[in-house]
Each structure stands twice: as C-alpha cells, then as structure tokens.
Amino acid sequence: MTPHALEIINLHKAFGGLSVTQNVNLAIRPGERRLIIGPNGAGKTTLFNQISGDMRPNSGQISLFGTDVTQFAPYKRAHFGLSRTYQIITLFTGDTLEHNVTLGLLGLRSSRWQMWRPLSFYGDLTAEAHRTLDAVGLLHLAAHPVSDIAYGEKRRVELAMALAQKPRVLLLDEPLAGLSNTERSQVKSLIASIPRETTVIMIEHDMDTALDLAETVTLLNYGRVIVDGDRDSVIADERTREVYLGV
Amino acid sequence: MKWIAATPLVALLLLLPFFAGDFYVNLASQILIAAIFALSLNLLVGYGGMTSLGHASYLGVGAYISALLTSRYGFGHGPAAIISITGTIAMAAFFGVIALRATGLGFLMITLALSQVLWGLAYRMSNVTNGDNGIAGLTRPMPFGISLDSAASFYRFALLVAAVAFLMMAIFVSSSFGSSLKGVRDQPRRMAALGFNPWMIRWITFIYAGFWGGVSGLLYVYYNKYIHPTSLSITSSAEALLGVIAGGSGTLGGPVVGAALVLLLKNYASAYLERWNMLLGLVFLFIVLMMPTGIVPGLARLMTRLRRGLR
C-alpha cells in the first residue's frame, strides 16, 4: 500500500483554554483534491499552519508520504514537497513578479546559498520563472513590482510562487477570496489544471466553485472534524447543512 | 549611465594623493575605513533587518588582537592579521548564536550588551589591554615590502581594501544569498514556507558582517598605530549606525556617504564646537525629517522628480 500524501493522527492544539484543533484525524491520498470547509473560527487556517509547520501542535502526529514531519521546521517540510499559499496575501511587494517567483524556485535549490554570483546570472531561473508566470497568465507583468498590480493578479502570483516549486502537496488557503467572477473562473481553471502528481488541499468558502474542484470534503467546526468523506455524501449529510450550509 | 557617472569619482579617488595635502589624504583614509565598517553594519541593518548596536565589537576586537599580537607577542603583521580575522569571525559566530535568539529590539539589546561586556573588559583587564592608557607604539604592516608610513601610501592601501570590500559586498547583496536575506527581512514566514532557513541565513550574514567589521578594525589600528577602549564603546557602534541610517540603509552608497558625513562633522565641527555630537544630532534629525529613507535614496528620488519635471 502506498502511504498517504498527508496523514494527521490525533492532532491537538490549544491557545490557553481554547482548543482550536481537537483530536483531528485526516488521511489524504496522493493526487487527491480535498476541500476543507467550516464556519469562521472552525480552525481551518490553524490546521494549515500546523501542517506547514508555522505552528507546533500540542500533541498528535503529521506525516507526509509516510514520514513523520511533526518536529520538522517549515523550511524542511518545503524540501519534502510541501507548498502553501496564504489567505492574507504574503508577497514581496517591492520586488518584481519575476523576482517573487524566482524566490519560490530558489528556495528548493542549493544555489540559494551562493554568495559570489549575482542572481541575475542564473538565466535558467529567470526562464523557469517566466514559464510559471505564463502559466498563470501574468507574463506580460513580469517586470512590474507586485505593488503595481491588481488584487486578483496578486492572488495568481501567490499561486505561481507555490506552483513554481512543483510541490507534492499543495495547501491553498482561500485562493478565491476577494476575486471578481471573471478572476474566479480564471483561478478555478488554473487550479483544475494542476497536475495529478500534486495533492491539493484547499480551504474555500465559495462553494459553487470549490465543489467543482473537490473530490473529497472535510467539514470542521470548533476544531473538530464533523464530517469527512467524498464530496456528494458530505454535502448530502444533515450535519453539513446544520453547521455550514445553513439551509 | 551609472558607470559613466562613477568614472569621475573613481578618478578623484585614485588621484587624490597627487593634489591634496596630507591632512585631507589622512581624512580620506579615515573615511574609507569608516565606510567599510558602515557597509558591514549595513548588511545587518539594511539588508537583513537586524539593527545592531554592538557592531564596534568586531572593529575593536579585530584591532585589539592585532595590536596585542604584534606589540606584545612579537608576531609579524601577516600572521597577526590572519589570527585577528579568524578570531573576529569565531566571535561573530558565537555572538550570532546568542543574539539571533531574538529579533528586533531584543536583538538590538543583546548586541549592545555583548559589546558593552567587551568594552568593560578592555577597560578593566588592564594587565592585558593596558586599560584606559590604550596600546600605543604600534607599527603599520609592510605588504610586499612597501612601507605604508606616508599618508599617500596608506591611503592607496586603504583604497584598495575598501574597493575590494565594496565590490564583495555589492556582489553579496545581489547574489542568490543576498536575495534570500532580503526576503527573510521582508517576509520571514513566507521564506521559511518556500524552503529557506531564516535563522541560518541571518547567522551567516551576521558572521560575514563580523568579518568585514574585523577588516575595518585592522585598517583602523594600522592607521592610528594606537588602540583605546573607546573603539569598542557604544559611541563607536552608534556613530556607525547613525551613518548607515543617515546615508540610507539597504543601499550600497548610503553607508559610504553616511560614514563620510559623520567623520567630516566630527573632524570639522569638533574644532569649533566642544559638543559636536549635538550638531551631529541636529543634522541627523534634519535628514530623518527631510529624507526619511536616507540621503542617497532621498537624493535619487529628488533627481527622478526633477528629471520628470523637466520633461
């Protein structure tokens, strides 16, 4: 049996008396498209932060492809094939789009330690960055600083930085937040085109779009997994209606 | 365009000893030394976002090791320089481990505390450092048999070292590693998620800055042929930091301009004013109010605005 792309066992995290992740168990197959839903404050982003290593759980275990990464620093997990995007856009605003994506590429290469050679001499990095920007439809803005571009375009740069790393597991934290309808469909087809080698785990509130992309859905509430399973059965579940859909 | 503009400056620097008197040549040597020191501090402050108030440690310790080895233990200048730089690097590695447990204000306080310890030692351990009397009667090295005793020959030596230092640091900040450093300054969390090790990047930069601090310390002690605990004092650290911020942190030209400004004020104003520090404070205040990002970025912005206005 091949190991799960991501496996979470009995994860628990509390801030003082407030438990934000309670006894969470998740198992996600390689290549799966998983949607994580839940009302505000359900602990979705906190869960992502624990998977990416930004936060340490109080107890429990996180494994990537069969390796226990619970004690790994965030950068080590990145080298293990994990990438993420942020709900609040986290880009290098003073730098060009090209530079932003290049940093994403550089992060996994040993040339990031190189001190005696200007970065601009690495033509292959620039070419690769341009290819990635082309894939998200932003090549024409490559030389512009991030501070110059529109919000929807920034969302796509977020995605481009993560995609450039060709991750094995990709965490998308509300990739559609604040986008217009046209932008939504652009980003949607972008996510749909991510190759199957990449396992995609996505937090999203826009159910119409997100459900089209998802195969399996996990519903969180008060830090607990309420329902977990394939898309249609979770949506049909009474508890989903009660907690989240509110119909 | 930039290179054409730099040509007269390079010519001026090279030809200075031919037309300027010894006083000015010596002043220029001092500015070069202060510029290397400020540039090394700028790696931390400007490019790394690590504001250190203890950078004099590296200048002072580099200088003291060389002074002690040559004057007391009969070492030649070559081996003394190598040991002093190695010692400074080792100290930076150790201090870095301590200081980088914190960021921001905590980092500043730790660097300050560490440098104050060294300053206290230099003052009080008088059996080794000769305390408040300092160590006098030092000599300048003779690289390849060339005497550096005249103002002009020392200036050329300092100019060569400063040019190498400037070039090395310019390449450093434009390299992959330099980009990682700036990334860690702006978005440490994101950088970690992308696979960069923020702590290691900061630590290596800390050591590299310590190395150039040590180099400037060697030049400092060669120039003065004397070393005193004030070289390790908070004033020494603060002057460099003021220079970096006034000139423009995170730029290559800024620290050089800032270091020159501080040194010129010190040399000229102190002849007329006993409290020249007050004048430095006023000038600093003026710069911060008029050009919050420093002289070099401020002037650059002014130039582009003028050029746009003319069009």
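Colleague: How many Å separate the centres of domain 1 of chain A and domain 2 of chain A?

Modeller: Domain bounds come from an automatic or database domain assignment, and here, in a predicted model, the centres of domain 1 of chain A and domain 2 of chain A, taken over C-alpha atoms, are separated by 26 Å. Domain 1 of chain A covers 1–81 + 167–178 + 195–247, and domain 2 covers 85–165. Local features in this predicted model need pLDDT of at least 70, side-chain atom pairs count only at pLDDT 80 or more, and totals for chains, interfaces and linings use all residues. Residues are numbered from 1 along each chain as its sequence is written, while chains are lettered from A and ligands numbered from 1 in the order in which they are written.

Colleague: How many residues of the two domains of chain A are in contact?

Modeller: Two residues are in contact if their C-beta atoms, placed from the backbone, lie within 7 Å; by that rule, eleven residues of domain 1 of chain A are in contact with ten residues of domain 2 of chain A.

Colleague: In chain B, how do I read the crossing of H2(B) and H10(B)?

Modeller: Helices are DSSP runs (H or I, at least four residues), numbered from the N terminus, and axes are lines fitted to C-alpha atoms, for helices over the stretch in contact, with angles from 0 to 180 degrees between N-to-C directions. The axes of H2(B) (residues 22–47) and H10(B) (residues 198–224) come within 8 Å and cross at roughly 165°. Angles over 145 degrees count as roughly antiparallel, and H2(B) and H10(B) are therefore roughly antiparallel to each other. Among the residues that meet are Ile33(B) in H2(B) and Trp212(B) in H10(B).

How values were computed. Helices (H or I, at least four residues) and strands (E, at least two) are DSSP runs, numbered from the N terminus. Angles under 35 degrees count as roughly parallel, over 145 as roughly antiparallel, 65 to 115 as roughly perpendicular and the rest as oblique.
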